[in-house]
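Here is a short report on one protein model. Look at the structure first, then read on.

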Amino acid sequence: MMRLENRNALITGAGSGIGQAMAGLFAREGAGIAANDVEADRLTATVESVSALGRKALALPFDVTDLKAVQAGTDRAIGEFGHIDILCANAGIAPTVDFVDMTPEAWDRMIKVHLYGVYNCCKAVVDHMIERGHGRIIITSSMSAINGDIHLTHYSAAKAGQVGFARALARELCGTGITVNVIAPGLTKTNILGEVDDEVIRKYEPPIGRIGQPDDQAYAALYLASEEASFVTGHTLQVNGGAF
Ligand SMILES: NC(=O)c1ccc[n+]([C@@H]2O[C@H](COP(=O)([O-])OP(=O)(O)OC[C@H]3O[C@@H](n4cnc5c(N)ncnc54)[C@H](O)[C@@H]3O)[C@@H](O)[C@H]2O)c1
């Protein structure tokens, strides 16, 4: 029995890393995938791998910071698939910079991608989920939200904001059939590590003895997307190999 049969997921940042792994795993579990990324060319591989499994696949290139584009993309996915049951608000960036050198522009972009991005994606899909009486919202935050990371004050603030947002939205939507949860990955082998300072990487090498893989995060998201997690809401699941 597949765990996401007759479900469709909208996944942001699905052209790479954790989002791409979520797309592949959710498709293996039966879901149709609306795959978003700001880098349109990255979506080809994701969409091809989902289609190869015989699942519905749609490439949705847009920037999550642009509410109009997010709404148009979400409406297109709902139009083509009939319904969206799962939102993985996962897109992210992590350029490191010392706080003393941080420009207002760098701060602004970080807040835009992670907080406006999550607001925009939830806003675009939540009425539809309320109408259907079912929804799973999963936000990819970070262990930076909890620990605070050096050279990543803007990222840590934005990721902590996602946790507060998710807890509040989860409580507000209780009783609608929608759950809202967070995964907080520790170091995971994806392209984003190219943006992260070596000092941060050394500091958070997981005690479990290996770095995380995108599938480690995707399996956590799969649980939160499943029917079995219908009593779990407002939770932050730390998937970090013991690197607290
Ligand atoms: N890899 C890690 O160690 C790690 C740790 C903690 C949290 N995270 C979080 O996991 C999430 C996924 O990151 P990843 O590690 O897979 O990195 P990644 O770089 O492999 O993938 C992120 C994807 O998001 C896309 N993206 C960036 N800005 C976007 C925007 N404005 N609109 C749409 N798409 C956008 C990128 O183009 C990229 O394809 C991010 O939110 C990141 O902060 C990652």
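## A loop residue

Where is Thr-190 found? Thr-190 sits in the loop between strand 6 and helix 7 (198-203). Helices (H or I, at least four residues) and strands (E, at least two) are DSSP runs, numbered from the N terminus.

This is a predicted model, where local features need pLDDT of at least 70, side-chain atom pairs count only at pLDDT 80 or more, and totals for chains, interfaces and linings use all residues. Residues are numbered from 1 along each chain as its sequence is written, and side-chain values use heavy atoms, with hydrogens and water left out.

Thr-190 has a relative accessible area of 19%, so Thr-190 is buried (under 20%; exposed is over 50%, partly exposed in between; 1.4 Å probe, protein chains only). Thr-190 touches Gly-17, Ile-18 and Pro-214, not counting residues up to four places away in sequence. Contact means heavy atoms within 4.5 Å.

## The largest nonpolar core

A nonpolar core is a set of buried Ala, Val, Leu, Ile, Met, Phe, Trp, Tyr and Cys residues joined through side-chain atoms within 4.5 Å. The largest one has 30 residues. Ile-84, Leu-87, Ile-137 and Val-180 touch the most other members. Among the elements that give two or more residues are strand 3 (57-61), helix 4 (104-132) and strand 6 (178-185). Helix 4 gives the most, with seven residues.

Val-180 touches, among others, Ile-137, Ala-166 and His-235, not counting residues up to four places away in sequence. Another core, of 27 residues, lies apart from the largest one. Val-50 and Leu-222 are among its residues.
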